[in-house]
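I opened the model to look up a few local features. My notes follow in the order I took them.

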Amino acid sequence: MRALVQRVARAEVNVDGHVVGEIGAGLCAFVGVTHGDDEATADRLAQKLWHLRIFDDDEGKLGASVAEKSQRLLVVSQFTLY
């Protein structure tokens, strides 16, 4: 399983001109899954993304996570990562 992660002010996914997913400030993660991946692998990746310290904390340093900042997480399936 691979993920490409980007901090965003907003993000959305359009399919045939229709918005099927959108968030405000948070993380957008493009995730690629392969044959050997299982539910445990997906759980570990989800936890890593949820707790990734990529947002400014109270001291202005990159020390806060999506969970701590009440941000959103948009996950997009992206098989071409493999």
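Entry 1, helix α1. I began with α1, residues 39-51, which has 13 residues and reaches 18 Å from its first C-alpha to its last, close to the 18 Å expected at 1.5 Å a residue. The expected span is 1.5 Å times one less than the number of residues. Helices (H or I, at least four residues) and strands (E, at least two) are DSSP runs, numbered from the N terminus.

Before going on I noted the ground rules. This is a predicted model, in which local features need pLDDT of at least 70 and side-chain atom pairs count only at pLDDT 80 or more, while totals for chains, interfaces and linings use all residues. Residues are numbered from 1 along each chain as its sequence is written, and side-chain values use heavy atoms, with hydrogens and water left out.

I listed Thr-41, Leu-45 and Leu-49 as the buried residues of α1; buried means under 20% relative accessible area, exposed over 50%, and partly exposed in between (1.4 Å probe, protein chains only). They cover an arc of only 70° around the axis, which puts them on the same side of α1. The arc is taken from the directions from the helix axis to the C-beta atoms. An α-helix has 3.6 residues a turn, so residues three or four places apart point the same way. The partners of these buried residues are β1 (2-8), β4 (26-32), α2 (66-69) and β7 (72-77).

I found β2 (residues 11-15) and β3 (residues 18-23) running antiparallel, joined by five bridges; strands pair if DSSP finds at least two bridges between them. Val-13 stands opposite Gly-21 in β3. Two residues lie between the strands of this hairpin.

Asp-16, in the loop between β2 and β3, has a positive phi of about 50° although it is not a glycine. Asp-16 is exposed, at 74% relative accessible area. I noted Ser-70 too, with a positive phi of about 55° and again not a glycine. Ser-70 sits in the loop between α2 and β7 and is exposed, at 65%.

Is Ser-65 buried or exposed? I found it buried, with a relative accessible area of 1%, in the loop between β6 (62-64) and α2. Not counting residues up to four places away in sequence, Ser-65 touches Trp-50, His-51, Leu-52, Arg-53 and Phe-55; contact means heavy atoms within 4.5 Å.
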